[in-house]
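Open the model in your viewer and keep the selection tool handy. We will go from one stop to the next, and each stop says what to select and what is there.

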Amino acid sequence: MAEEYDLVIINGIVVTDTEVQEWDIAVKDEKIARVVPRGGLQGAKATNTIDAEGGYVMPGGVDAHVHLQEPPLFGKGSTADNYETGSRSAICGGTTTMVTFAPQKKTEDTLLDTLAATHDRARNNCYNDYSFHLLVGNPSQRALSEFKTLREEGISSLKIYMTYEALQLHDGQILDVLLEARKQGITTMIHAENNHVINWMTAQLEKRNLFAPKYHGPSHPPVAEIEATYRAISLSEFMDTPILIVHVSTPQAAAHIKSAQSRGLPIFAETCPQYLFLTKQDLDQPGFEGAKCVCSPPPRSSESDCDAIWDGLKDGTFTILSSDHCPFRYDDAETGKKSSITAEHPVGRFKYIPNGCPGIETRLALTLSAGRLELTKFVEVTATNPAKLYGLYPRKGGLVEGESDADVVVWYPEGKMTEFELRNDMLHHDVDYTPFEGRVMRQWPRYTILRGRVVWDRENGGLMGEKGYGRFIKREASSLAKPLKEGEWELPL
Ligand code: URP
Ligand code: ZN
Ligand code: ZN
């Protein structure tokens with residue numbers, strides 16, 4: 001009897017984090033059932049067939065740094081996309097799994113209520129599969145005691161901040177978090193910027209009447225990131241706890257990370273397209289336009305900074321490439337970038353511009369279009385490593401027979417897609433701009449497949465998915481990030 005499948009993908013070039021092969025794929029019951037040399041599925045019956053026509057076939061993207069439906073935390077303003085619009089945008093750009101933040105405010109004592117409230121926002125609203133990192137704003141005794149339950153609930157990572165008044169933890173609180181995270185097998189993500197340096201520089205700039213968006217750059221000088229990155233590494237080493245430094249932007253911070261890794265420490269790092277494609281020129285636009293690129297850390301000085309970040313992706317300093325999708329509408333005086341404009345400050349006041357840029361839909365296509373990474377490296381940093389780092393692999397981020405969900409992106413065959421300039425009205429988020437407007441795109445997902453179902457078909461109607469098809473995925477402990485020593489941390493005496 002011939003095998004029967006729900007879907008077969010034939011004539012593609014399959015790319016995983018280790019292989020580039022002419023393979024065909026069969027999908028059954030939402031899973032990757034078989035991956036075989038081209039032609040090997042001849043005679044098999046399938047309900048649906050996709051002919052990739054020689055295009056790349058990759059695991060669906062995993063974006064492990066996404067802010068949706070958050071309250072004001074990063075300056076004035078609150079995030080534009082909700083779970084519906086953010087996840088819709090994700091699948092149209094090939095991201096089949098996202099990990100968003102469940103934000104605990106400083107005024108809140110518990111994390112479990114935060115988790116429940118975030119589940120309520122996401123449930124029945126997502127187009128893609130999802131999980132949450134807890135964003136710990138108040139590591140109270142109660143919150144720390146809840147880490148164990150978080151793990152049982154499938155949450156194996158959290159994020160803490162060394163900056164932002166609304167979220168900043170001092171070093172003692174960071175040690176409290178690292179100790180408990182170590183005990184429970186939780187990976188700690190750290191936003192490493194020195195808040196005192198940022199506040200001091202902000203005061204210096206304002207004293208000189210420098211308020212325009214472009215001064216966001218000098219208000220967050222490289223030293224703020226470099227010092228905090230080194231401190232975060234030092235605290236992690238002291239506690240023998242793995243950490244991931246998020247959204248790294250400077251070559252010097254990357255050098256600290258690389259040096260720690262070469263000493264065998266479990267230090268992981270993330271960068272984002274903002275630091276590959278944008279520079280301080282993008283902040284220095286006429287009028288208020290530069291506000292579109294205000295994020296923290298800021299885009300750095302020059303293309304050579306961007307080159308160093310590309311190099312860090314190539315040499316493994318950066319484990320993952322995430323979007324840090326943190327969307328605020330530009331032309332919105334209530335909750336968006338323009339909330340920082342007053343009669344007294346007609347080009348805004350940089351310190352009040354909400355920090356963050358949209359990018360969940362553009363992360364994969366922008367990076368692939370740049371053609372600067374080996375294909376296997378591209379898959380590694382955009383899908384496989386985020387899945388491994390955050391306890392989703394092999395269910396997500398791979399094409400493993402019998403184990404991986406059938407989450408797949410099919411790209412255009414070389415030469416088949418006409419190059420185009422990116423325009424915001426092509427995107428599916430609920431934001432009125434993209435910081436990557438006008439960039440030349442040489443690739444875009446032709447199909448996105450989530451658990452065997454085509455949710456994006458660029459040539460035939462585009463969005464095919466349905467809100468609510470996306471599921472919460474319980475995560476295991478990281479398969480990459482582990483302490484060096486087993487057992488409880490011992491007080492060094
Ligand atoms: O500017 C940024 N990165 N906004 C998002 C918040 C964060 O720190 O990730
Ligand atoms: Zn951050
Ligand atoms: Zn972020």
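Is histidine 191 buried or exposed? At 1% relative accessibility, histidine 191 counts as buried. Here buried means under 20% relative accessible area, exposed over 50%, and partly exposed in between, with a 1.4 Å probe and protein chains only.

Before moving on, please note that this is a predicted model, in which local features need pLDDT of at least 70, side-chain atom pairs count only at pLDDT 80 or more, and totals for chains, interfaces and linings use all residues. Residues are numbered from 1 along each chain as its sequence is written, chains are lettered from A and ligands numbered from 1 in the order in which they are written, and side-chain values use heavy atoms, with hydrogens and water left out.

**Stop 1: ligand 2**

Donors are N, O and S atoms within 2.8 Å of the metal (3.2 Å for Na, K and Ca); water is not among the atoms, so sites may look incomplete. Helices (H or I, at least four residues) and strands (E, at least two) are DSSP runs, numbered from the N terminus. Histidine 247 also counts as buried, at 1% relative accessibility.

**Stop 2: ligand 3**

Now select the zinc ion (ligand 3), which is 4.0 Å from the zinc ion (ligand 2). Look for His65 (NE2), His67 (NE2) and Asp324 (OD), which coordinate the zinc ion (ligand 3) at 2.0 to 2.2 Å. The site has 4 donor atoms with angles of 90 to 122° among them, and is tetrahedral. Four donors count as tetrahedral if all angles lie between 85 and 135 degrees. The spacing of the donors of the zinc ion (ligand 3) along the chain is H-x1-H-x256-D. Histidine 65 lies in strand 8 (residues 61-66) and aspartate 324 in the loop between strand 15 (320-321) and helix 13 (363-370), so this pair ties together parts that are 259 residues apart in sequence. Histidine 65 is buried at 0% relative accessibility, and aspartate 324 is buried at 7%.

**Stop 3: ligand 1**

Select ligand 1 next and show its surroundings. There are 14 residues around ligand 1, and the closest are Lys159, His191, Ser296, Asp324 and Asn355; a residue is near a molecule if one of its heavy atoms lies within 4 Å of it.

- from an oxygen atom of ligand 1 to an N or O atom in the side chain of lysine 159, 2.9 Å;
- from an oxygen atom of ligand 1 to a backbone N or O atom of serine 296, 2.7 Å;
- from a nitrogen atom of ligand 1 to a polar backbone atom of asparagine 355, 3.0 Å.

Taken alone, ligand 1 exposes 270 Å², and the protein buries 100% of that. Accessible areas come from the Shrake-Rupley method with a 1.4 Å probe; for residues, only the protein chains shown count as cover.

**Stop 4: backbone details**

Go back to serine 296: the peptide bond from serine 296 to proline 297 is cis, with omega near -5°. Proline 297 sits in the loop between helix 11 (280-283) and helix 12 (303-314). Then jump to tyrosine 393 and proline 394, whose peptide bond is cis with omega near 5°. Proline 394 is in the loop between helix 14 (375-389) and strand 16 (408-411).

**Stop 5: the cores**

Finally, select Phe147, Trp411 and Trp444, which touch the most other members of the largest nonpolar core, a set of 101 residues. A nonpolar core is a set of buried Ala, Val, Leu, Ile, Met, Phe, Trp, Tyr and Cys residues joined through side-chain atoms within 4.5 Å. Helix 8 (residues 222-239) contributes the largest share of this core, 5 residues. A second, separate core has 20 residues, including Val62, Leu244, Ile320 and Ala481.

Technical notes:
Four donors count as tetrahedral if all angles lie between 85 and 135 degrees; four count as square planar and six as octahedral if opposite donors are over 155 degrees apart and all others between 65 and 115; anything else is irregular. A polar contact is a pair of N or O atoms within 3.5 Å; within protein, one must be able to donate a hydrogen and the other to accept it, and residues adjacent in sequence count only if both atoms are side-chain atoms.
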